[in-house]
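Let's take a friendly walk through a structure, one piece at a time. Keep the 3D view open and turn it as you read.

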Amino acid sequence: MKTNFLHAYQQAPWRTQLQWIGIFLLILVIIAAIAGVYLSVSERAATTGRQIQSLEEEINLLVIENNDLASQLASIKSIKNMQARVEDLDMVQLDPQQALYLEIPGYIPKEAAVLAPPARSQSREAPVLLPEFTASLWDWFLSKLSQPQISNEVQP
Amino acid sequence: MKDQAWSRFIIVAVIASLVGSAIGIQMIRIQNIPAAAEILAQSENYRGFIETIYPERGNIYDAEGNLLAGNEAVFEVGLDLVSVAQPETIAAVASSVLGLDYAKVLASAQMSPGNGNPYYVVLDGFATKEEIAELEKIKQEYEDRKVGRNETKPTLKGLIWTAQNKRSYPEGDLASNIIGFYSFLDKTEGKGYFGVEEAYNDLLAGTPKQFFKNYDPVEIPTTETVPPGASLVLTIDRDIQAMTENVLSEAINWSGAEAGTILVYNPEDGSVLAMATTPRLDPNEYWKYGEIFPNPTPYNRAISKSYEPGSVFKVLTMAAALDAGAVTPETVFHDTGSIMVGGTTITNWNYGAWGDQDMTGCMRHSLNVCLSWIAMQLGADRFYTYLKNFGLDRNTGIDLGGEVHFPLKVPGDNQWYEVDLATNSFGQGISLTPIQMVMAIGSVANEGKMMAPHVVKSMIIDGRQYEVNPVIVGTPLKAETATTLTSMLVTSLEEESSVALVEGYTVAGKTGTAEIPTEFGYTSSVTNTSFVGWGPAEDPKFLVYIWLEKPTISIWGSEVAAPVFSDVVKNLVVLMDIPPDNIRLQSASTTNGE
């Protein structure tokens, strides 16, 4: 009776094999999926890394180019070049004794070079990205919770 | 059958376990052998490499923001030996475009990388933009070229170039004695020499940083930012500097002087507005230093060469005597033409006797005998105490590389004799640099306050501009003394009808003619001529110091240096927007009236 019962509920051999093959294939698919995701992430990370390197090189090149342009401009505006241009225009230097001193209202005399913000400046640099673009949903939710409730009711 | 399969399984399991264990043990062993650290270090070479990034050198600007020293782009052209495909093509192009030796380039390009040979060879460290444009054009042309089946397409594969900064000085030799130079040909060990480049080398250079660069592209590199070196804004005004250099060149040509120095200084805050000396070097070609400055020519005479200044020194002697109360402007000295001090007879410049002279007269006629008498009235102790208070026994501390000073002989020193008190009083037997003289006499022009001379006005560090505050070195004189002496020197110049005078402006000043000491004694045929003056006398905005060495046209400071002072001041008042006395006094009276 017992043997008959077990026999009745025993899986057919082909069905067991099919189950094992199914499990194996499932594991294979999972592994393949994980590998695929891993490869995809790795590829994106590598591409981003290369892009960062490329951008850094571009920044360096731009800095060098910027310095070079500043030097070229300074060279064009150098005293010697300016004097040569003045001579080319048939202009002659005024004898300082012939100069007439005039007080002109609104004239701004030579000022000291200000090439960067002063050290004591308290001005803050504005963030490039606004918090709306960087805050997570959770941050937004917490900020909303912490905000005081504003009632629209008119107080007597 | 079942037992046999089981035993086979056991055997395979044991073998696999033994092999696995052996591998594990070997792994542990390798990690602990003496060479493990070396192997680990070698493995790092395959993981990536350490790159040193040198920050860009800070710029140097004049007071108005004109660039005096910056960086320009150059290119390093090299060979990536692993990638070189056609050594002959590379050698031909490199020799024609870069002017390199064909055989040398070919030998480098044919080298096999590794096994002791480098992987990268530098062909030209300073290729210009034009040369690189030419290389790019040829490279593109080769890539676009269509060739037949049996022909080989030429390629520059393996020839690479990278942009780099190179120090540049857009103004050439303008203010080069102040700026100094940076040895940019040495890319790793380059440093600043002389002037600001030397004094502020560490700040300008910044701090190089080392980064590990991973070969693994998956590892995203961190942003490698190296802040640039600090930039400097000088007190030097480019227009004033150019003007003084022009005036100096003309003065040397006209007077036949061997060399010269002109200093323009603001006595109110100690800032140096211009400092012209000869000779000058174009720092873009600093390798010509030895040729332009043969030993012992100093790079900057204003701070690196001391000399016996002669009668311009009388300003300090008179200042000390007035301040100490040893004399007053009205004190009368009867000049007999000579005075005996320490067994030596002191005479005047013309060996004449000038009779009764007040102190203004003594200065006006530049009487050595009178000034010797004044120094004796003051006494050696007080005289030398004043000289020390004027900072004449030490460097001024100006922020330029290469400052020197000659030791000051004082009573008690082996080399000091009683006669030195007299000779020192008129600037003989005492050796000083122009910058020492300027700092000391600046106190007379600045109500007794002596300001530290400096050339850096502000620094830009990490994007912020830091101002350099003026420093009071000391107050060697009372304000009344300074005002009194200035008035005396104004009167002295006006009564003398000096060629130093400038129409429309009241200036105070003093000439100087100094014989030059040699191993055979003092020469009277060859002199150092000087002039020091400041103005406008009521509220000095500038102090100008002239020194012309060994002029041939005349030996006298009043004939050589004084007109140069006048030339400088005529231009200076225009460049500094200083109104003439009548307008200035009118404005002042209007303001007071209001």
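Predicted model: local features only at pLDDT ≥ 70, side-chain atom pairs only at ≥ 80, totals over all residues.

Along the sequence the pattern reads α-α-α-α-α. Of its 156 residues, 4% count as buried.

Two packed helices are described by the angle between their axes and the distance between the axes. The crossing of α12(B) past α18(B) is right-handed. On the α12(B) side you will find B:M318, B:A319, B:L322 and B:D323, which meet B:T481, B:T484 and B:L485 in α18(B). The residues of this contact of α12(B) with α18(B) are four nonpolar, two polar and one charged.

Now look at helix α17 (residues 434–445) of chain B. Its axis and that of α18(B) come within 7 Å and cross at roughly 95 degrees. The two helices, α17(B) and α18(B), are therefore roughly perpendicular to each other, since angles of 65 to 115 degrees count that way. Here B:S443, B:V444 and B:A445 of α17(B) make the contact with B:A482, B:L485 and B:T486 of α18(B). By class, the contact of α17(B) with α18(B) has four nonpolar, two polar and no charged residues.

## A covered helix

Is helix α16 (residues 418–425) of chain B mostly covered or mostly uncovered? This helix is mostly covered, with six of its eight residues buried. The buried residues are B:D420, B:L421, B:A422, B:T423, B:N424 and B:S425.

What do these residues of α16(B) pack against? Their partners in chain B are α12, β13 (338–341), β14 (344–347), α14 (368–378) and α15 (380–389). After α16(B) comes B:G427, which has a positive phi near 80 degrees.

## Strands and hairpins in chain B

Strand β17 (residues 456–461) of chain B pairs with strand β18 (residues 464–467) of chain B in the antiparallel sense, over four bridges. B:I461 stands opposite B:R464 in β18(B). Their hairpin has two residues between the strands, and B:D462 takes a positive phi near 50 degrees there.

Further along, strand β20 (residues 508–518) of chain B and strand β21 (residues 521–535) of chain B run antiparallel, joined by eleven bridges. The bridge partner of B:A514 is B:N528 in β21(B), and the hairpin joins the two strands through two residues. Strand β21(B) also pairs with strand β22 (residues 542–549) of chain B, again in the antiparallel sense, over eight bridges. In that pairing B:T529 stands opposite B:L548 in β22(B), and the hairpin of β21(B) and β22(B) has six residues between the strands.

## Backbone details to look for

Most residues other than glycine have a negative phi, and most peptide bonds are trans. With that in mind, find the cis peptide bond between B:N295 and B:P296, where omega is about 0 degrees. B:P296 sits in the loop between α10 (289–292) and α11 (301–304) of chain B. Another cis peptide bond joins B:G535 and B:P536, with omega about -15 degrees; B:P536 lies in the loop between β21 and β22 of chain B.

B:S366 is not a glycine, yet its phi is positive, about 50 degrees. This residue is in the loop between α13 (359–364) and α14 of chain B. B:S366 is buried, because 24 other C-beta atoms lie within 10 Å. B:E447 also has a positive phi, near 55 degrees, without being glycine, and its place is the loop between α17 and β16 (450–451) of chain B. With 19 C-beta neighbours inside 10 Å, B:E447 counts as partly exposed.

Conventions
Residues numbered from 1 in each chain as written. Chains lettered and ligands numbered in written order. Left-handed = near helix turned anticlockwise from the far one by under 90°. Contact = placed C-beta atoms within 7 Å. Nonpolar A, V, L, I, M, F, W, Y, C, P; charged D, E, K, R; others polar. Buried ≥ 20, exposed ≤ 12 C-beta atoms within 10 Å, placed from the backbone. Pairing = 2+ DSSP bridges. Axes fitted to C-alpha atoms, helices over the stretch in contact; angles between N-to-C directions. Parallel < 35°, antiparallel > 145°, perpendicular 65-115°, else oblique.
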